[in-house]
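Good morning, and thank you for making time on the agenda.

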Amino acid sequence: MERNESPDATYARTWSNGRGEVRFFTRADGSRLRYYTGGTGPALVLMHTVRGQLDYFQRVIPQLWDHYTVYALDLPGMGWSDIVPGAQYEEPQLRAAVVEFVRGLDLHDTTLSGESLGGALSLSASIDLKDRVSRVVAFNSYDYPQGGERGNWIARVIISSVRMPVLGPLFAPLEPRPVFRAILQGGYVDKTRLPEDFITELLRSGRRKGYDKVSRGIFRSLKGFDRARERYPRVSAPVTLVYSENDWSKPAERDRVANALTDVHRITVPRTGHFSALERPDEMARILLDAA
(Lines give C-alpha, C1' and ligand atoms only; values in the text may rest on other atoms or scores of the structure.)
Protein backbone atom coordinates (compact mmCIF):
# COMPACT_ATOMS: atom_id res chain seq x y z
CA MET A 1 0.00 0.00 0.00
CA GLU A 2 1.38 3.40 -0.95
CA ARG A 3 0.91 5.98 1.79
CA ASN A 4 1.33 9.72 1.96
CA GLU A 5 3.26 10.26 5.17
CA SER A 6 1.59 13.61 5.72
CA PRO A 7 -1.74 14.92 4.44
CA ASP A 8 -1.22 16.26 0.94
CA ALA A 9 -2.78 19.70 1.17
CA THR A 10 -0.45 21.55 -1.22
CA TYR A 11 -3.06 22.25 -3.88
CA ALA A 12 -5.98 22.56 -1.45
CA ARG A 13 -4.24 25.48 0.23
CA THR A 14 -4.38 27.44 -3.02
CA TRP A 15 -8.18 27.56 -3.03
CA SER A 16 -9.11 27.19 0.66
CA ASN A 17 -7.15 30.25 1.80
CA GLY A 18 -6.23 28.51 5.02
CA ARG A 19 -9.80 27.74 6.01
CA GLY A 20 -10.61 24.14 6.95
CA GLU A 21 -8.07 21.33 6.75
CA VAL A 22 -7.11 18.20 4.87
CA ARG A 23 -7.24 14.99 6.90
CA PHE A 24 -7.13 11.23 6.43
CA PHE A 25 -9.81 8.77 7.54
CA THR A 26 -8.46 5.31 8.33
CA ARG A 27 -10.69 2.45 7.24
CA ALA A 28 -11.05 -0.92 8.96
CA ASP A 29 -8.57 -2.48 6.52
CA GLY A 30 -5.94 0.14 7.39
CA SER A 31 -6.18 2.08 4.11
CA ARG A 32 -6.84 5.80 4.25
CA LEU A 33 -9.22 8.16 2.50
CA ARG A 34 -8.14 11.77 2.13
CA TYR A 35 -10.81 14.36 2.83
CA TYR A 36 -11.18 18.09 3.30
CA THR A 37 -13.39 19.48 6.03
CA GLY A 38 -14.36 23.01 6.95
CA GLY A 39 -17.31 25.22 7.79
CA THR A 40 -20.20 25.12 10.25
CA GLY A 41 -23.70 23.70 10.14
CA PRO A 42 -25.17 20.33 9.14
CA ALA A 43 -22.92 17.80 7.45
CA LEU A 44 -22.52 17.83 3.67
CA VAL A 45 -20.51 15.01 2.06
CA LEU A 46 -19.26 15.80 -1.46
CA MET A 47 -18.12 13.08 -3.88
CA HIS A 48 -16.17 13.86 -7.02
CA THR A 49 -16.29 12.71 -10.64
CA VAL A 50 -14.51 9.94 -12.54
CA ARG A 51 -10.73 10.60 -12.63
CA GLY A 52 -11.18 13.34 -10.07
CA GLN A 53 -10.45 14.26 -6.48
CA LEU A 54 -11.91 16.47 -3.75
CA ASP A 55 -10.34 19.62 -5.25
CA TYR A 56 -12.94 19.31 -8.01
CA PHE A 57 -15.23 21.29 -5.68
CA GLN A 58 -12.72 24.12 -5.17
CA ARG A 59 -15.08 26.77 -6.59
CA VAL A 60 -18.13 25.49 -4.69
CA ILE A 61 -16.88 24.81 -1.15
CA PRO A 62 -16.01 28.45 -0.30
CA GLN A 63 -19.65 29.37 -0.96
CA LEU A 64 -20.90 26.74 1.51
CA TRP A 65 -18.65 27.28 4.54
CA ASP A 66 -21.14 29.39 6.47
CA HIS A 67 -24.03 26.97 5.92
CA TYR A 68 -22.59 23.45 6.05
CA THR A 69 -19.80 21.52 7.66
CA VAL A 70 -18.32 20.27 4.41
CA TYR A 71 -16.65 16.88 4.00
CA ALA A 72 -15.18 16.54 0.50
CA LEU A 73 -13.79 13.06 -0.11
CA ASP A 74 -11.13 11.47 -2.30
CA LEU A 75 -12.71 8.15 -3.30
CA PRO A 76 -10.58 4.98 -2.81
CA GLY A 77 -7.34 5.04 -4.78
CA MET A 78 -8.18 8.40 -6.34
CA GLY A 79 -6.70 11.80 -5.62
CA TRP A 80 -4.43 11.25 -2.63
CA SER A 81 -6.33 8.43 -0.96
CA ASP A 82 -4.24 5.30 -0.44
CA ILE A 83 -3.72 2.91 -3.33
CA VAL A 84 -4.30 -0.66 -2.21
CA PRO A 85 -2.76 -3.34 -4.47
CA GLY A 86 -5.41 -5.66 -5.86
CA ALA A 87 -8.30 -3.44 -4.77
CA GLN A 88 -11.50 -3.44 -6.80
CA TYR A 89 -13.32 -0.29 -7.86
CA GLU A 90 -16.76 -1.60 -8.64
CA GLU A 91 -19.83 0.26 -7.39
CA PRO A 92 -20.27 -1.91 -4.25
CA GLN A 93 -16.66 -1.30 -3.14
CA LEU A 94 -16.81 2.46 -3.69
CA ARG A 95 -20.21 2.66 -2.01
CA ALA A 96 -18.92 0.69 0.97
CA ALA A 97 -16.11 3.22 1.41
CA VAL A 98 -18.57 6.12 1.50
CA VAL A 99 -20.79 4.31 3.99
CA GLU A 100 -17.79 3.49 6.21
CA PHE A 101 -16.63 7.11 6.05
CA VAL A 102 -19.99 8.55 7.14
CA ARG A 103 -20.44 6.00 9.91
CA GLY A 104 -16.82 6.27 11.01
CA LEU A 105 -17.10 10.03 11.49
CA ASP A 106 -20.51 9.46 13.12
CA LEU A 107 -22.26 11.97 10.85
CA HIS A 108 -26.01 12.51 11.22
CA ASP A 109 -28.58 14.69 9.46
CA THR A 110 -26.24 14.46 6.47
CA THR A 111 -26.71 15.71 2.92
CA LEU A 112 -25.03 13.39 0.43
CA SER A 113 -24.07 15.05 -2.82
CA GLY A 114 -21.77 14.50 -5.74
CA GLU A 115 -21.35 14.88 -9.45
CA SER A 116 -21.08 12.19 -12.11
CA LEU A 117 -19.74 9.08 -10.37
CA GLY A 118 -20.23 10.93 -7.09
CA GLY A 119 -23.86 11.67 -7.93
CA ALA A 120 -24.59 7.99 -8.51
CA LEU A 121 -22.80 7.08 -5.27
CA SER A 122 -24.77 9.65 -3.29
CA LEU A 123 -28.01 8.01 -4.41
CA SER A 124 -26.88 4.44 -3.80
CA ALA A 125 -25.07 5.07 -0.50
CA SER A 126 -28.11 6.87 0.94
CA ILE A 127 -29.92 3.52 1.01
CA ASP A 128 -27.35 2.03 3.39
CA LEU A 129 -27.20 5.27 5.41
CA LYS A 130 -30.90 6.01 5.61
CA ASP A 131 -30.78 6.64 9.37
CA ARG A 132 -28.04 9.24 8.87
CA VAL A 133 -29.02 10.96 5.60
CA SER A 134 -31.58 13.75 5.43
CA ARG A 135 -31.30 14.58 1.72
CA VAL A 136 -29.51 13.65 -1.50
CA VAL A 137 -28.49 16.19 -4.13
CA ALA A 138 -27.20 14.33 -7.20
CA PHE A 139 -25.61 16.25 -10.08
CA ASN A 140 -25.30 14.61 -13.52
CA SER A 141 -25.52 11.13 -12.06
CA TYR A 142 -23.25 8.72 -13.99
CA ASP A 143 -25.47 5.61 -14.24
CA TYR A 144 -25.79 4.93 -17.96
CA PRO A 145 -23.68 3.18 -20.62
CA GLN A 146 -20.61 4.80 -22.25
CA GLY A 147 -20.63 7.97 -20.18
CA GLY A 148 -17.37 9.85 -20.71
CA GLU A 149 -16.96 8.27 -24.13
CA ARG A 150 -19.76 10.58 -25.25
CA GLY A 151 -17.66 13.66 -24.48
CA ASN A 152 -15.74 13.80 -27.77
CA TRP A 153 -13.89 11.51 -30.17
CA ILE A 154 -10.65 11.71 -28.17
CA ALA A 155 -12.41 10.58 -25.01
CA ARG A 156 -14.13 7.80 -26.95
CA VAL A 157 -10.84 6.44 -28.30
CA ILE A 158 -8.83 6.71 -25.08
CA ILE A 159 -11.45 5.48 -22.61
CA SER A 160 -12.49 2.55 -24.79
CA SER A 161 -8.80 1.64 -25.20
CA VAL A 162 -8.16 1.78 -21.44
CA ARG A 163 -11.05 -0.64 -20.93
CA MET A 164 -9.69 -3.24 -23.38
CA PRO A 165 -8.37 -6.50 -21.86
CA VAL A 166 -4.99 -6.59 -23.64
CA LEU A 167 -4.23 -2.99 -24.68
CA GLY A 168 -5.77 -1.41 -21.59
CA PRO A 169 -2.70 -1.75 -19.33
CA LEU A 170 -0.63 -0.05 -22.04
CA PHE A 171 -2.97 2.93 -22.48
CA ALA A 172 -3.84 3.52 -18.80
CA PRO A 173 -0.46 5.07 -17.78
CA LEU A 174 -0.41 7.41 -20.79
CA GLU A 175 -1.72 10.85 -19.89
CA PRO A 176 0.01 13.50 -22.02
CA ARG A 177 -1.29 16.87 -20.93
CA PRO A 178 -2.83 17.94 -24.29
CA VAL A 179 -4.75 14.68 -24.59
CA PHE A 180 -5.83 14.74 -20.94
CA ARG A 181 -7.03 18.33 -21.33
CA ALA A 182 -8.95 17.48 -24.49
CA ILE A 183 -10.71 14.58 -22.77
CA LEU A 184 -11.80 16.78 -19.86
CA GLN A 185 -12.93 19.57 -22.20
CA GLY A 186 -15.49 17.14 -23.60
CA GLY A 187 -17.47 17.78 -20.41
CA TYR A 188 -17.68 21.58 -20.80
CA VAL A 189 -19.74 23.98 -22.86
CA ASP A 190 -17.38 26.84 -21.96
CA LYS A 191 -14.01 25.12 -22.19
CA THR A 192 -12.22 28.10 -20.64
CA ARG A 193 -13.78 27.12 -17.30
CA LEU A 194 -11.43 24.12 -16.96
CA PRO A 195 -8.62 25.33 -14.63
CA GLU A 196 -5.11 24.65 -15.89
CA ASP A 197 -3.78 24.36 -12.34
CA PHE A 198 -6.38 21.67 -11.63
CA ILE A 199 -5.14 19.71 -14.65
CA THR A 200 -1.63 19.99 -13.20
CA GLU A 201 -2.85 18.66 -9.86
CA LEU A 202 -4.72 15.73 -11.43
CA LEU A 203 -1.63 14.78 -13.39
CA ARG A 204 0.49 15.10 -10.23
CA SER A 205 -1.70 12.76 -8.18
CA GLY A 206 -1.99 10.51 -11.23
CA ARG A 207 1.78 9.93 -11.27
CA ARG A 208 1.63 7.90 -8.05
CA LYS A 209 2.78 4.30 -8.28
CA GLY A 210 -0.19 2.08 -9.07
CA TYR A 211 -2.49 4.88 -10.19
CA ASP A 212 -2.71 3.49 -13.71
CA LYS A 213 -4.32 0.35 -12.27
CA VAL A 214 -6.78 2.50 -10.31
CA SER A 215 -7.68 4.50 -13.41
CA ARG A 216 -8.22 1.39 -15.47
CA GLY A 217 -10.23 -0.23 -12.69
CA ILE A 218 -12.54 2.78 -12.45
CA PHE A 219 -13.21 2.97 -16.18
CA ARG A 220 -13.86 -0.76 -16.36
CA SER A 221 -16.27 -0.57 -13.40
CA LEU A 222 -18.62 2.03 -14.87
CA LYS A 223 -21.04 -0.51 -16.35
CA GLY A 224 -21.69 -1.57 -12.77
CA PHE A 225 -23.08 1.87 -12.01
CA ASP A 226 -25.61 1.35 -14.77
CA ARG A 227 -26.69 -1.89 -13.06
CA ALA A 228 -26.69 -0.25 -9.62
CA ARG A 229 -29.49 2.02 -10.82
CA GLU A 230 -31.78 -0.89 -9.92
CA ARG A 231 -31.25 0.10 -6.27
CA TYR A 232 -32.76 3.57 -6.72
CA PRO A 233 -36.35 2.63 -5.84
CA ARG A 234 -35.03 1.90 -2.34
CA VAL A 235 -33.85 5.49 -1.82
CA SER A 236 -35.96 6.86 1.03
CA ALA A 237 -34.41 10.32 1.46
CA PRO A 238 -35.80 13.23 -0.59
CA VAL A 239 -33.71 13.76 -3.71
CA THR A 240 -32.82 16.85 -5.69
CA LEU A 241 -31.88 15.48 -9.12
CA VAL A 242 -29.85 17.96 -11.16
CA TYR A 243 -28.80 17.62 -14.79
CA SER A 244 -26.89 20.07 -16.91
CA GLU A 245 -28.60 20.90 -20.19
CA ASN A 246 -25.57 19.59 -22.09
CA ASP A 247 -24.73 16.65 -19.85
CA TRP A 248 -23.63 13.39 -21.49
CA SER A 249 -26.80 11.62 -20.33
CA LYS A 250 -29.77 11.40 -22.69
CA PRO A 251 -33.24 12.74 -21.78
CA ALA A 252 -34.67 9.21 -21.59
CA GLU A 253 -31.87 8.18 -19.21
CA ARG A 254 -32.58 11.15 -16.98
CA ASP A 255 -36.29 10.30 -16.92
CA ARG A 256 -35.48 6.70 -16.06
CA VAL A 257 -33.57 7.81 -12.96
CA ALA A 258 -36.25 10.26 -11.87
CA ASN A 259 -39.01 7.70 -12.35
CA ALA A 260 -37.16 5.23 -10.11
CA LEU A 261 -37.16 7.68 -7.19
CA THR A 262 -40.10 8.23 -4.83
CA ASP A 263 -39.47 11.76 -3.56
CA VAL A 264 -37.66 13.72 -6.26
CA HIS A 265 -37.33 17.34 -7.34
CA ARG A 266 -35.77 17.88 -10.78
CA ILE A 267 -33.60 20.80 -11.89
CA THR A 268 -31.95 21.51 -15.24
CA VAL A 269 -28.96 23.86 -15.39
CA PRO A 270 -28.85 25.62 -18.78
CA ARG A 271 -25.82 26.00 -21.05
CA THR A 272 -23.65 23.71 -18.92
CA GLY A 273 -21.77 20.45 -19.52
CA HIS A 274 -21.04 17.42 -17.39
CA PHE A 275 -18.59 19.15 -15.02
CA SER A 276 -20.92 21.74 -13.52
CA ALA A 277 -18.96 22.19 -10.26
CA LEU A 278 -16.21 23.91 -12.23
CA GLU A 279 -18.25 25.36 -15.08
CA ARG A 280 -21.20 26.70 -13.03
CA PRO A 281 -20.10 26.63 -9.36
CA ASP A 282 -22.44 29.43 -8.34
CA GLU A 283 -25.40 27.41 -9.58
CA MET A 284 -24.27 24.26 -7.80
CA ALA A 285 -23.78 26.20 -4.57
CA ARG A 286 -27.20 27.82 -4.92
CA ILE A 287 -28.89 24.45 -5.34
CA LEU A 288 -27.09 23.02 -2.32
CA LEU A 289 -27.98 26.07 -0.22
CA ASP A 290 -31.63 25.78 -1.26
CA ALA A 291 -31.53 22.15 -0.15
CA ALA A 292 -30.27 23.25 3.26
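A salt bridge, for this talk, is a side-chain nitrogen of Lys or Arg within 4 Å of a carboxyl oxygen of Asp or Glu. Please bear in mind that the model on the screen is predicted. By that criterion, the count comes to 18 salt bridges.

Let me begin with a network. Salt bridges link Glu91, Arg95, Asp128 and Arg231 to one another in a network. Within that group, Arg95 and Glu91 form a salt bridge whose closest N and O atoms are 2.7 Å apart. The cut-off applied here is under 20% relative accessible area.

I move on to helix H7, which spans residues 196-205. Here Glu201 forms a salt bridge with Arg204, and the closest N and O atoms are 2.9 Å apart. These two residues are three apart in the helix, about one turn.

Next comes helix H11, residues 281-291. The side chains of Glu283 and Arg286 meet there in a salt bridge, at 2.6 Å from N to O. Because Glu283 and Arg286 are three residues apart in the helix, about one helical turn lies between them. Glu283 is buried, with a relative accessible area of 17%, while Arg286 is partly exposed, with 37%.

I close with the strands. Strand E1, residues 21-26, pairs with strand E2, residues 32-39, in the antiparallel sense, and six bridges join the two. One of the residues involved is Phe24, whose bridge partner in E2 is Arg34. How many residues lie between E1 and E2 in this hairpin? There are five, and Gly30, in the turn, has a positive phi of about 95°.

Thank you; I welcome your comments.

Note on methods. Residues are numbered from 1 along each chain as its sequence is written. This is a predicted model: local features need pLDDT of at least 70, side-chain atom pairs count only at pLDDT 80 or more; totals for chains, interfaces and linings use all residues. Side-chain values use heavy atoms; hydrogens and water are left out. Helices (H or I, at least four residues) and strands (E, at least two) are DSSP runs, numbered from the N terminus. Buried means under 20% relative accessible area, exposed over 50%, partly exposed in between (1.4 Å probe, protein chains only). Two strands pair if DSSP finds at least two bridges between them.
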